[in-house]
Amino acid sequence: MSLQRCAPSHPTRLLRRFPLCHSSCSSYNPFSWSAVPLRLGCFRRYSSDHGDDPRLKDLGKQIHNEYAAIKEHYATPKHPIVLAHGLLGFAELRLAGGWLPAIHYWRGITDALKANGVEVITATVPPSGSIEQRAERLARDISSVARGQSVNIVAHSMGGLDARHMITHVRPRDVDVRSLVTVASPHRGSAFADYALREIGGARLPALYALVERRGMDTGAFEQLTREYMTRRFNPRTPDDPDVRYFSYGAATDRPPLFSPFRHSHGVIAEAEGPNDGLVSVASARWGAYKGTLVGVSHLDLINWTNRFRWTVRKWMGQGPTFNAIAFYLDIADMLAKEGL
């Protein structure tokens with residue numbers, strides 16, 4: 001099933017049943033083998049009170065504990081929200097038919113938005129396809145479900161680039177986009193994409209792409225995520241639509257621990273671009289009206305793939321959770337409602 005539409009069947013403002021993912025979602029986490037806790041000390045590296053790196057001044061509003069818990073009330077936007085996933089993403093994944101619970105990219109987020117009266121459309125685009133391929137599919141998914149309704153798009157990571165391309169270039173007649181909210185989208189590319197392609201080398205790249213394609217996957221996304229492609233080709237050719245409201249959030253976390261899969265990428269990006277969430281820098285995530293930087297939040301935290309062991313250790317040490325992805329997306333919906341969207 002390529003897309004889902006979640007109509008608001010039980011709207012409520014009391015969402016106590018949607019705490020952090022470690023207690024509300026399925027225990028399955030394909031990243032748990034390597035997702036060890038971040039350093040538990042205070043978040044100092046990117047504090048405005050430390051360091052002389054001028055890039056630290058670009059964090060904008062620093063958001064520390066604003067989304068630590070779900071509030072009693074959130075306003076509901078008048079238009080449906082489209083959730084657009086990132087690179088290698090999906091709406092729903094079933095590994096063993098009906099024998100195991102489905103894995104959701106937006107873990108608990110869709111259900112929480114639905115419970116608060118939001119009409120939600122989740123789209124599935126080619127996981128590693130080019131921006132153009134993904135944008136075309138995004139347009140078809142929205143068109144087939146929204147059926148002419150105005151929509152707000154909330155996009156994580158590469159999903160923001162797909163949405164920008166769709167809005168500017170595809171422009172489907174029956175899709176009226178009122179706003180785009182991007183969450184840690186690499187609008188100016190990623191230094192780690194540069195690094196990875198450089199390390200692989202041009203001579204070995206065709207063979208690697210052929211191997212990936214034999215597995216039934218596309219390869220168009222990878223070279224498009226470089227800084228050169230985004231800043232010299234994509235952005236100049238993809239101006240914002242003056243009729244669409246653009247908002248963005250970034251995230252920055254301390255250097256991940258030794259065995260984290262994002263330790264190396266974080267270091268590469270920090271050296272070249274500054275504060276980042278392990279995959280996307282704050283500088284790259286800024287687009288349109290920048291709403292702020294989520295401090296101490298990783299790229300996977302942003303979609304509620306939070307490591308439960310990390311939060312358990314924090315609890316043992318008397319430190320409560322500082323970020324709840326469900327509270328974050330409910331607040332985005334609240335913000336859109338207050339903007340009249």
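Analyst: Among contacts in the protein chain (heavy atoms within 4.5 Å) between residues at least 6 apart in sequence, 81% join residues at least 24 apart. This is a predicted model, in which local features need pLDDT of at least 70 and side-chain atom pairs count only at pLDDT 80 or more, while totals for chains, interfaces and linings use all residues. Residues are numbered from 1 along each chain as its sequence is written, and side-chain values use heavy atoms, with hydrogens and water left out.

The protein chain has 12 helices and 10 strands, taken as DSSP runs of H or I with at least four residues for helices and of E with at least two for strands, numbered from the N terminus. Of its 341 residues, 55% count as buried, where buried means under 20% relative accessible area, exposed over 50% and partly exposed in between, with a 1.4 Å probe and protein chains only.

α3 and α4 pack at an angle of about 75°, with their axes 8 Å apart. That angle makes α3 roughly perpendicular to α4, given that 65 to 115 degrees counts as roughly perpendicular, under 35 as roughly parallel, over 145 as roughly antiparallel and the rest as oblique. On the α3 side the contact involves Ile-131, Glu-132, Arg-134, Ala-135, Glu-136, Leu-138, Ala-139 and Ile-142, which meet Gly-159, Leu-161, Asp-162, Ala-163, His-165, Met-166 and Val-170 of α4. Sorted by class, the contact of α3 with α4 has nine nonpolar, two polar and four charged residues, where Ala, Val, Leu, Ile, Met, Phe, Trp, Tyr, Cys and Pro count as nonpolar, Asp, Glu, Lys and Arg as charged, and the others, Gly among them, as polar.

Leu-161, Arg-164, His-165, Thr-168 and His-169 of α4 make the contact together with Met-230, Phe-234, Asn-235 and Arg-237 of α8. The residues of the contact of α4 with α8 divide into three nonpolar, four polar and two charged.

His-165 counts as buried because its relative accessibility is 11%. Not counting residues up to four places away in sequence, His-165 touches Ile-131, Glu-132, Ala-135, Val-170, Phe-234 and Thr-238.

Most residues other than glycine have a negative phi. Ser-157, in the loop between β7 and α4, has a positive phi near 55°, and at 10% relative accessibility Ser-157 counts as buried. At the other end, α4 is followed by Arg-171, whose phi is positive, near 45°. A further case is Arg-147, in the loop between α3 and β7: its phi is positive, about 50°, but Arg-147 is exposed, with a relative accessible area of 68%.

For the wider setting, consider the nonpolar cores, each a set of buried Ala, Val, Leu, Ile, Met, Phe, Trp, Tyr and Cys residues joined through side-chain atoms within 4.5 Å. The largest has 37 residues, and those with the most contacts inside it are Leu-294, Leu-302, Phe-328, Tyr-329, Ile-332 and Leu-336. β3 (81-84), α2 (109-115), β8 (176-183), β9 (245-252) and α12 (325-338) each supply at least two residues of this core, and α12 gives the largest share, 10 residues. Apart from this core lies another, of 23 residues, with Ala-123, Leu-138, Ala-139 and Val-244 among them.

Note on methods: Axes fitted to C-alpha atoms, helices over the stretch in contact; angles between N-to-C directions.
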